[in-house]
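Work through the exercises below with the model open. Try each task before reading its solution.

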Amino acid sequence: MHFSIYFTLNLFFYCASFDYAELLLNYGNCLYDVSTDIFCCVPAANNPSLCLHFRPALLREQHYQYLKKGLRHLSDAYECLDASRPWLCFWILHSLELLEEPIPTTVASDVCQFLSRCQSPTGGFAGGPGQHAHLAPTYAAVNALCIIGSEEAYNIIDREKLLDFLWSVKQPDGSFVMHVGGEVDVRSAYCAASVASLTNILTPRLFEDTISWILRCQNWEGGLSGVPGLEAHGGYTFCGTAALVILGKEHMLDLKALLRWVVSRQMRFEGGFQGRCNKLVDGCYSFWQAGLLPLLHRALFKEGALSRQRWMFEQQALQEYILLCCQNPTGGLLDKPGKSRDFYHTCYCLSGLSVAQHFWNLDLHHERVLSREENRLAPTHPVYNICPEKVAQALQHFHRLPVPSGDRASDPHPAAAAAADPQS
Ligand SMILES: [Zn+2]
């Protein structure tokens with residue numbers, strides 16, 4: 001992308017003022033030499049006529065090359081993520097599946113072997129070999145293995161010990177700590193519910209009181225905070241809501257307050273989402289916030305006449321923000337113009353782009369791919385954020401196996417199977 005686009009958008013972001021944007025548009029004639037860049041980086045929902053002849057493209061090949069290289073080699077800049085290595089596997093593998101790029105068998109097997117070395121002898125997965133088990137890399141590792149979806153991948157997960165690990169981080173009030181001796185927040189409830197439901201170790205007793213604890217995280221704003229009593233935040237709101245969907249209790253949230261909060265987070269000028277009130281737009285919230293809309297649509301659909309063709313956010317404007325403002329011309333996606341690309345933002349920008357392209361509800365499926373058919377990504381499952389067929393395949397595999405027995409585990413949770421189906 002051209003420097004002037006970055007420069008202009010930075011001005012927009014720093015000024016964060018609609019008046020300023022209008023000023024620039026009014027002065028378009030004076031800025032003639034850069035006007036194409038200015039106008040075409042402005043989402044067309046604000047000014048459709050200006051983008052009539054501009055057809056934004058997903059830089060598929062560049063993203064593929066960036067991702068492929070990242071599976072084998074990471075630069076020094078990633079040293080700080082040494083305790084998040086299963087996340088890197090998940091971010092890259094999920095981005096590749098959204099791009100419908102197959103993973104070579106040998107690479108998939110190498111990833112499996114690496115993740116097996118991250119599995120803790122006490123159950124769950126750590127951020128790297130020899131480190132302590134933690135719920136976040138456990139979620140990432142299980143998702144990565146389900147994306148690979150081979151017998152080798154499934155067999156790596158020690159389900160008995162995974163259940164032991166989940167019990168070791170469960171708290172008496174229903175919450176979970178991220179690791180033994182670690183912090184509590186609603187991410188942990190989602191990570192635990194996600195891996196437990198995918199691998200068929202979810203029991204009602206394991207999640208006793210978890211529902212009421214998550215419900216206490218919804219605050220007066222309508223969104224959810226990390227722990228009860230704090231500010232609503234997109235990432236925590238997704239985690240809490242998705243966990244309740246898995247547990248079959250999302251209807252216990254104030255869904256209309258949540259809907260009002262999340263749709264107000266889509267920036268009227270940029271088209272992307274902010275994570276919290278009064279924050280700047282950020283590409284990763286394309287999934288954490290927009291990903292809530294499929295969950296809400298499913299929950300509210302029973303109550304009234306909702307659209308059968310589109311989510312309750314401006315899908316075109318989000319696609320424009322991602323395609324025009326979040327792509328690095330040499331591959332990879334980013335938070336906002338001026339920021340560096342990274343695998344996290346690549347994964348969540350592409351995941352959000354997929355949500356904006358595909359409407360699913362019950363037996364309905366409706367696509368809205370901006371600009372050109374080549375921009376189309378594969379659909380993603382709104383609860384697990386891996387492709388729906390990989391969710392179905394994992395459930396089919398693990399539901400053939402018994403729920404591990406033990407003092408604390410009991411019957412499988414019937415809601416898990418329902419949450420696993422994005423069309424149900
Ligand atoms: Zn971000």
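**Exercise 1. Which atoms coordinate the zinc ion, and what is their arrangement?**

Step 1. List the donors, meaning N, O and S atoms within 2.8 Å of the metal (3.2 Å for Na, K and Ca); water is not among the atoms, so sites may look incomplete. Asp282 (OD), Asp282 (OD), Cys284 (SG) and His345 (NE2) coordinate the zinc ion at 2.1 to 2.4 Å.

Step 2. Check the angles. Four donors count as tetrahedral if all angles lie between 85 and 135 degrees; four count as square planar and six as octahedral if opposite donors are over 155 degrees apart and all others between 65 and 115; anything else is irregular. Around the zinc ion the four donor atoms subtend 58 to 131°, so the arrangement is irregular.

Step 3. Check burial: buried means under 20% relative accessible area, exposed over 50%, partly exposed in between (1.4 Å probe, protein chains only). Asp282 is buried at 12%, and Cys284 is buried at 3%.

The model is predicted: local features need pLDDT of at least 70, side-chain atom pairs count only at pLDDT 80 or more, and totals for chains, interfaces and linings use all residues. Residues are numbered from 1 along each chain as its sequence is written, and side-chain values use heavy atoms, with hydrogens and water left out.

**Exercise 2. Describe the aromatic pair of Tyr154 and Phe398.**

Step 1. Apply the rule: rings of Phe, Tyr and Trp (its six-membered ring) pair if their centres lie within 6.5 Å; planes under 30 degrees apart count as stacked, over 60 as edge-to-face and the rest as tilted. The count is 19 aromatic pairs.

Step 2. Classify the pair. Tyr154 and Phe398 are edge-to-face, with 5.2 Å centre to centre and 70° between the planes.

Step 3. Locate the partners, with helices (H or I, at least four residues) taken as DSSP runs numbered from the N terminus. Tyr154 sits in helix H8 (residues 151-156) and Phe398 in helix H18 (residues 388-398), 244 residues apart.

Step 4. Check burial. Tyr154 is buried at 4% relative accessibility, and Phe398 is buried at 1%.

**Exercise 3. Classify the pair of Phe273 and Phe313.**

Step 1. Read the geometry. This pair is edge-to-face: 5.8 Å centre to centre, 65° between the planes.

Step 2. Locate the partners. Phe273 lies in the loop between helix H13 (255-263) and helix H14 (285-288); Phe313 lies in the loop between helix H15 (292-301) and helix H16 (315-325).

Step 3. Check burial. Phe273 is buried at 0% relative accessibility, and Phe313 is buried at 6%.

Key. Helices (H or I, at least four residues) and strands (E, at least two) are DSSP runs, numbered from the N terminus.
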